[in-house]
Structure formats: C-alpha cells, structure tokens
Amino acid sequence: MTNRNFTVIKGGLSYPYESDKKTFVSAFVTDTRLMGVVGLYMHWEIEADRFASDFHQFFYFDAEEYGFETYRSISGNDMSEISYIEHALMGGLGGQKIDLTQKEAAFLIQSYANMNRRLSTPLPDGQKEYGFLLEPEVEMTDKEKLALFRKQCTPITSTYQAINYFLMRCFAHDYEAAEYLSAGGFPPDIYADIPPATLCKNTIDAFENEDGSSYLCESLIEHDTSYVLTVSEITMSKTKVASFEKRSAMQVSAVEAAMMLSRPEFVTVYEILSTPEEFDASLAELTSGTLLTAHSSGRLFLAFNKNNDHVDKQVFRLNEDVFGLYYITDYGQMIIAAYSIKGIHSMEKELRKSTVAQSLLPVSKYEFKEPVLYEFIQSDFEDFEEFLEFIKG
C-alpha cells in the first residue's frame, strides 16, 4: 500500500503527555481486513493540570507489507480537522466502522507493532503519544482473537465474494485471512513459489461436477512490475472454500496485461470561469473525502466507492474501487472521468448540485474504449482537446 503522506495543521490545545490521565471513550475499526488493510480510531478524554480535553488517535495498518504504517492524532473537538484526518487515512478503504473495546483496540495495535519488529520496520512517528498502548502486553483467548478478527472482516454473503477475497489473500501470502475464509483441510499456499502479489483481475466460471460447487478462476496478478496469469480450481462449501488447486501459471507481458485490464472511460470536460481562488473555495465541498495527488500540470482527486461491492462480482477488477476522478488543470480546465455511463452521469449530477457548478461551462463529452485521462495527465499538453487531436493523429 502507498504511504498516506499529508500535512495536518494542528490546532486546539496542547497534546497530552504520557503521565496525563486518559479515560477511554470509544474506538472503531474498519471491516476491511480482507482487502489487506484496516483503519483504527480511538477517542480519549484527557485530564491534566494544564487542560482537560478530548484526544483522537488514528491508526493505519497494512497486513501485507508494512504492518503499523501510519499514525495521526488531534487534540480538541474541531470536527472539520477530525473529519479531514479520517477521510485522508480511511476514506479509500470502503468499509464500515465497527465498535471495539479498549482491550481489542490495544491488542490490534500491539499485533501490528509486533509485525513491524518482525519486519525490522520502524514504528511511525508519534510513539510518545501512543506508546502507552504498546505495554503491558494484552492477552486474549483464541475465542476473543477470533471475535476480534471477525469484527475486522466484512460479512461474506456470496460465492463470488468469498472466492475473490480468498484469492486476494492467498496471492498476497496473507494466509491468516485466507484460512479464515476456508473450511480447512488444505494448504492455502499453493502459489508460494510466486512472490507476494496483487490480484488485479479475476474471472470466475462454474466448473461442472456432481455437486456443482466447483469453479475455475483465471487470475491476473502483479508482483514487482511483472504479471502472471494463473488458473485455479476452487470447490466451495456454502460460503467457505473447501479445496484449492493450481491448474496453471504463466508469465504475461505488460502489454498483454494492459489489454486484459482495459475498460471504457467516460470523460466530461469543463472550462473554469472563475478565478483559481474562488474556484478552490467552492471545490472543497465537492472533493471532501477524496484522495488528492499533485501533478506537474494540475491536481487529481480520486473519489472512492463507499463500499467494496466490486469484490462481489463474477469478474473482479481491483481498480473498480474508484468511483471517479476529478482533474483540475493549471490552465483552466476541469475534467471528470468514470468507468461507466452510470458513474459519469452521477458525477455530472453531483457537479450540478454543488456550489462549483456556477464556475463551470460544459465543453465536451467523450467515451473511450480504454482510459486516456492518465495519459493526458502525464503528457506535456495543457489542453485536453489538443491532446486528443494529437493522439488521433
């Protein structure tokens, strides 16, 4: 996973010291463990000689590579700042918030901190603030550990969902989560000869047998910029994986992988009529909760789906967690893009309802057989139409 690098302007009162009295108020975890990452939030009341205040902690954990990856905090109850941190850290996870006890939250923090030690990865900055949660060691029974793990996982309600999550965890070598999705009795590491990989696409087809519960899965996976196409056979028992066998695995080129991952892109282009300062002021509401990345000629805002329903499909694509994109050029254009006609219509509707609408003039609409917006962002062109004229030529 990518590091969440962003700056928070700290406001409110001073931050608590380790010696200050802390009273636990609440905690929640996102139910996104089967995607390989979770976010954790803890709320405390702080009592000290200097002040009495609320203290909010945010943790980002990666079960595949980085362990305890990111920590942020804020003192006081400025809801806009609290919401900003939450969206920046957890907005792209697509999960629900599940309440935790103090014991469960502390156990989770210690578990990922131990993963950092195993990986020889330093803990994130801010240990003076969260260090009190690292000791004494929290002990849990196997029953309590399973209950905590279940809280971190979205409920499995279909065969497609179970298979896609299972393969995702197996290819990532995240066998704890893979075993949670299995009925047991077989090794989940049949692709251990392939380095930990990301499941980019998976196609599930029913495989005829007596009970009709077997499926062939064609999976495109990526590791270290290399692509492998695998075919596996999976047998299901209700919503649990009962068996898992490798049929084949072959390397494919980046060009072949791009063809497999290709999908249409719908684009609408607007001219910006107001000054940059006026436009940015009205843009804030529309892009709340999006992920911002800066580019040489503009700013890209990624809007994520509010859930991970894209996993529950016969054809799973990893990048379908993105609802749409807003690209603001430095030269007075706003370009929005989605990967379905329904998606682009929804984005256009949200634009019309927002305060930014009065600053925009619709110019053109396009449907492409494959995505082109990222190519424009990486090009040296200032105008989208000029870029299209060039690639047509």
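Predicted model: local features only at pLDDT ≥ 70, side-chain atom pairs only at ≥ 80, totals over all residues.
Local features were kept only at pLDDT of at least 70 and side-chain atom pairs only at pLDDT 80 or more, while totals for chains, interfaces and linings use all residues. Residues are numbered from 1 along each chain as its sequence is written, and side-chain values rest on heavy atoms, with hydrogens and water left out.

The sheet makes a handy starting point. Helices (H or I, at least four residues) and strands (E, at least two) are DSSP runs numbered from the N terminus. Five strands line up in an open sheet in the order β9-β8-β7-β6-β13, with antiparallel pairing; for two strands to pair, DSSP has to find at least two bridges between them. β9 and β13 (315-317) sit at the edges, each pairing on one side only. Neighbouring strands are turned against each other by 15 degrees on average, direction ignored. Axes here are lines fitted to C-alpha atoms, for helices over the stretch in contact, and angles run from 0 to 180 degrees between N-to-C directions. Within the sheet, β7 and β8 run antiparallel and are joined by ten bridges; glutamate 222, for instance, has tyrosine 227 in β8 as its bridge partner.

Helix α5 lies across β6, β7, β8, β9 and β13, at about 135 degrees to β6. That arrangement brings up the largest nonpolar core, which has 31 residues. A nonpolar core is a set of buried Ala, Val, Leu, Ile, Met, Phe, Trp, Tyr and Cys residues joined through side-chain atoms within 4.5 Å, where buried means under 20% relative accessible area, exposed over 50% and partly exposed in between (1.4 Å probe, protein chains only). Ile163, Phe166, Leu167, Ile234 and Phe244 have the most contacts inside this core. Two or more residues each come from α5 (159-171), α6 (175-180), β6 (198-207), β7 (214-223), β8 (226-237) and β9 (240-252), and α5 gives the largest share, eight residues. Isoleucine 234 shows how the pieces meet: leaving aside residues up to four places away in sequence, the residues it touches (heavy atoms within 4.5 Å) include Ile163, Phe166, Leu167, Cys217, Val241 and Phe244. A second, separate core of 28 residues includes Phe55, Phe68, Tyr71 and Met115.

The model holds zero disulfides, a disulfide being a pair of cysteine sulfur atoms within 2.5 Å. For cysteine 170, the closest cysteine sulfur is that of cysteine 217, 11 Å away, so the two are too far apart for a bond.

Rings of Phe, Tyr and Trp (its six-membered ring) pair if their centres lie within 6.5 Å; planes under 30 degrees apart count as stacked, over 60 as edge-to-face and the rest as tilted. Tyrosine 191 and phenylalanine 244 form a tilted pair, 6.0 Å centre to centre with 55 degrees between the planes. This pair links distant parts of the chain, 53 residues apart: tyrosine 191 is in the loop between α6 and β6, phenylalanine 244 in strand β9. Both residues are buried. Phenylalanine 381 and phenylalanine 387, in contrast, pair edge-to-face at 5.9 Å and 70 degrees. Phenylalanine 381 is partly exposed at 24%, whereas phenylalanine 387 is buried at 3%. Both belong to a cluster linked by ring pairs, which also takes in Tyr327, Tyr366, Phe368, Phe376, Phe384 and Phe390.
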